[in-house]
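Please take me through this structure in the viewer, one selection at a time, and tell me what is to be found at each stop.

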Amino acid sequence: MSIEQQYRTRAKELLSAGEVKMVIGYGAGTTAERRRPLFITSPDETERLVLDSACIANLSGYLVTEGLLSDEKRVAVFLRPEGIRALNVLAAEAQLDPLQVVIIGFDLPKGELKALQGSSVDDFTALLGALKESTPDVDGRELLEKIEKMSPEERFAFWQEEFSKCIKCYACRQACPMCYCRRCIVDSNQPQWVNTSSHTLGNFEWNIVRAFHLSGRCVECGNCDRACPVNIPLRLINRKMAQEVLDSFNHFAGTSKTQEPVLASFKKDDSETFIL
Amino acid sequence: MSEPFEPKITAFVCTYCTYAGADLAGTSRLKYAPNVRIIRLPCTGRISPMFILKALQKGADGILISGCHPGDCHFTHGNYHARRRWMVFRALLSFTGIPEERIKYSWISAAEGLKFADLINNITEDIRKLGPFDQYHKLIEETQAQASL
Ligand code: SF4
Ligand code: SF4
C-alpha cells in the first residue's frame, strides 16, 4: 500500500473512532503541481487527501486558528519535521497543548516521500535532535555566503534593491505559523513604529522587524519565502538568523515542547565582546 | 560653503546607572560633545530594538545603548535579557548592511561619570569620521518627496 493510501486509512480510522475531530492535510490544488490545505471532519472525505512530493507547505499554523482547540478535542495534522518543530515552538510559547495534536508525520528527503513513525511531539525528539547536528541543504547558500563577504554598503544596496520590491502585502506574515500575534507591531499606529508608505524605508523596517521577531523561533519551513509574491529571498535572512542563534546560544528552535524561548531567557556568561 | 558635518547621536540609557553616570558627568562639570540626545528609560530591558529603528528613521547618524553592568541591574536581570536581544539584533542589522560601527553598546554605572564623558567624545569622533549615514538618509528623503501623479 502506498504511503498516501496508508495515511488516508489512518485518517479515516482516527475520525471514525472519534479520536480526532478534524484532520488537516493536503488536497489537490488549482494546478497539477499545487496542493492546498484540506480540513476534513468526516471519515467519508478522507479519500480526498493527497500526499506526494508537492506537499511542501507547513500546516502547523492552522492549529492556532482561534477557537480550534478550545473544546479540548484533538486534531490530526500532516507535518514534516519542520512542522513538528513549529508545533514544539507553539507549545513552548503556550499557544496550544501538544497533547491535543496527533501528528501524521512524513518527510521528503530529496523529493522522495517517506513516512515518519510516531504521533505525538515527544516521539520525534531523536529525529529533531539529529536535525540540529546536520547541515541543512538550503537553496541559496552560495548567495548567502556572497552577501556575508560584501562590505556593509554593498549589503545595504543588495537589500535595498530587494526590499524596494516589497508591496507590504504581509503574505509572509500570514503564511508563518509563528506569526500569531493578534495585533502585529506594523498594524500599530500609536506609536507608528514602521513607516507604512510603500517606500523602501518602511519595507526595510518591516523586513527587519519580521526577521527579528522570528529569530530563534523560525524553523525554516519556507512558507514565507514561497508566499512572497515578489520573490524577496526571505530564506536568506531566516537562515542567517537561525545560524546566529545556533552559534551564539546553541539554540535550535523547536527541539522540544518545553524548550525555553531563546530571547526570553539568558545565561550570565553570554558573550558580550561588543559591549564597551 | 556647506556647514561642517555634526553627527546626530541618540542615546538610550537606563535611569539607574547610565543616566546617573551622565548626571555625575554634569555635576562634575566634565565637558563632552553636545551631539548626543539622551533618552532615559527605566531599564535596558525596556530598550526595544524598535527604538533603534525609530532613531534611524528620524535621521540619527549614530546610536548608543547603555545600562548597568551585569549583576548591577536594579531589576536584577533586565540587562541580561537586553544583552541577548542586542546580540541577535546587531547581527541582523549587520546582515542587512546597517554598519555595526554606527550602533554602540556600553555598561556605565552611576559612579562612571568620566567613562560616560569619554565615551560620548569617542563615539562622536568615530561617527564624525564615518560621516552622515547617507544610504539611510536617502531612504528617508524618498518618503518625503512630493507625490507626482
Ligand atoms: S519565518 Fe518563514 S521559514 Fe521561518 S517559520 Fe515562519 S514561515 Fe517558516
Ligand atoms: S510577502 Fe514579500 S512583498 Fe509581501 S510583505 Fe512579505 S516581503 Fe513584502
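Helices here are DSSP runs of H or I with at least four residues, numbered from the N terminus. With that in mind, and remembering that the model is predicted, begin by selecting helix 3 of chain B, residues 78-95. This helix has 18 residues and reaches 26 Å from its first C-alpha to its last, close to the 26 Å expected at 1.5 Å a residue.

Next, display the largest nonpolar core, which has 61 residues and in which Trp159(A), Ile52(B), Ile63(B) and Ile98(B) touch the most other members. Helix 3 of chain B supplies the largest share of this core, 8 residues. Centre the view on Ile98(B): leaving aside neighbours within four places in sequence, its contacts in chain A are Phe156(A), Phe204(A) and Ile208(A), while those in chain B include Leu56(B), Leu93(B), Ile103(B), Phe133(B) and Tyr136(B). A second, separate core of 48 residues can then be shown, with Val23(A), Phe78(A), Leu108(A) and Phe124(A) among its members.

Finally, select ligand 2 and the 13 residues around it, of which Cys166(A), Cys169(A), Tyr170(A), Cys172(A) and Cys228(A) come nearest. The elements that give two or more residues to this shell are helix 6 (171-175) and helix 7 (200-214) of chain A. Coloured by residue class, the shell around ligand 2 divides into 11 nonpolar, 1 polar and 1 charged.

Conventions:
Residues numbered from 1 in each chain as written. Chains lettered and ligands numbered in written order. Predicted model: local features only at pLDDT ≥ 70, side-chain atom pairs only at ≥ 80, totals over all residues. Heavy atoms only, no water. Core = buried A, V, L, I, M, F, W, Y, C linked by side-chain atoms within 4.5 Å. Buried < 20%, exposed > 50% of the residue type's maximum accessible area, 1.4 Å probe, protein only. Contact = heavy atoms within 4.5 Å. Near = heavy atom within 4 Å. Nonpolar A, V, L, I, M, F, W, Y, C, P; charged D, E, K, R; others polar. Expected span 1.5 Å × (residues − 1).
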